[in-house]
Amino acid sequence: MRIIVQNSKCQGHARCAAQAPHIFKLDDAGYILLGDIEVAKEEELPASRGARSCPEHALELDRAPG
Ligand code: SF4
């Protein structure tokens, strides 16, 4: 699974990182770092929780294989 990060939507709420700090890395100002996130199979649950917790819909789940 992959998480497509739309940085322009991020408002720095840090809710994603509160759910899964090892998956969602923030910069010093609390905004998500640039770049999509590859998620290992065993991390899919916390990753989807984190993505769904974003009030700005900046984190889109991509479950397409490959
Ligand atoms: S929850 Fe959404 S708005 Fe908040 S830091 Fe994460 S991506 Fe950005």
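**From a helix end to the ligand cavity**

Gln19 belongs to helix H1, residues 15-19. Helices here are DSSP runs of H or I with at least four residues, strands are runs of E with at least two, and both are numbered from the N terminus. The model is predicted: local features need pLDDT of at least 70, side-chain atom pairs count only at pLDDT 80 or more, and totals for chains, interfaces and linings use all residues. Residues are numbered from 1 along each chain as its sequence is written, and side-chain values use heavy atoms, with hydrogens and water left out.

Gln19 has a relative accessible area of 41%, so it counts as partly exposed (buried is under 20%, exposed over 50%, partly exposed in between, with a 1.4 Å probe and protein chains only). Which residues does Gln19 touch, leaving aside its neighbours within four places in sequence? They are Arg49, Gly50 and Ser53, where contact means heavy atoms within 4.5 Å. Ile3 lies 16 residues from Gln19 along the chain, and their C-alpha atoms are 14 Å apart.

Next, the backbone. Most residues other than glycine have a negative phi. Ala14 is not a glycine, yet its phi is positive, about 65°. Ala14 is in the loop between strand E1 (2-5) and H1. Its relative accessibility is 29%, so Ala14 is partly exposed. His57 also has a positive phi, about 55°. His57 sits in the loop between helix H2 (44-52) and strand E3 (59-62). With a relative accessible area of 62%, His57 is exposed.

Now the cavity. A search of the whole structure finds one of 30 Å³ or more. On a 1 Å grid over the protein atoms alone, a cavity is a set of points where a 1.4 Å probe fits but cannot get out, and lining residues have an atom within 4 Å of a point. The largest cavity holds about 90 Å³ of space. A volume is the space filled by probe spheres set on the points, which are joined across faces, edges and corners. Its lining includes Ala14, Ile32 and Ala58.

Where is the ligand? It sits in the largest cavity, meaning more than half of its atoms lie within 2 Å of the grid points. Among the residues around the ligand are Cys10, His13, Ala14, Gly30 and Glu56, each with a heavy atom within 4 Å of it. The shell has five nonpolar, four polar and two charged residues. Ala, Val, Leu, Ile, Met, Phe, Trp, Tyr, Cys and Pro count as nonpolar, Asp, Glu, Lys and Arg as charged, and the others, Gly among them, as polar.

Terms used. 1 Å grid on protein atoms, 1.4 Å probe; cavity = no way out; pocket = protein on both sides within 12 Å on 5 of 7 lines; lining within 4 Å.
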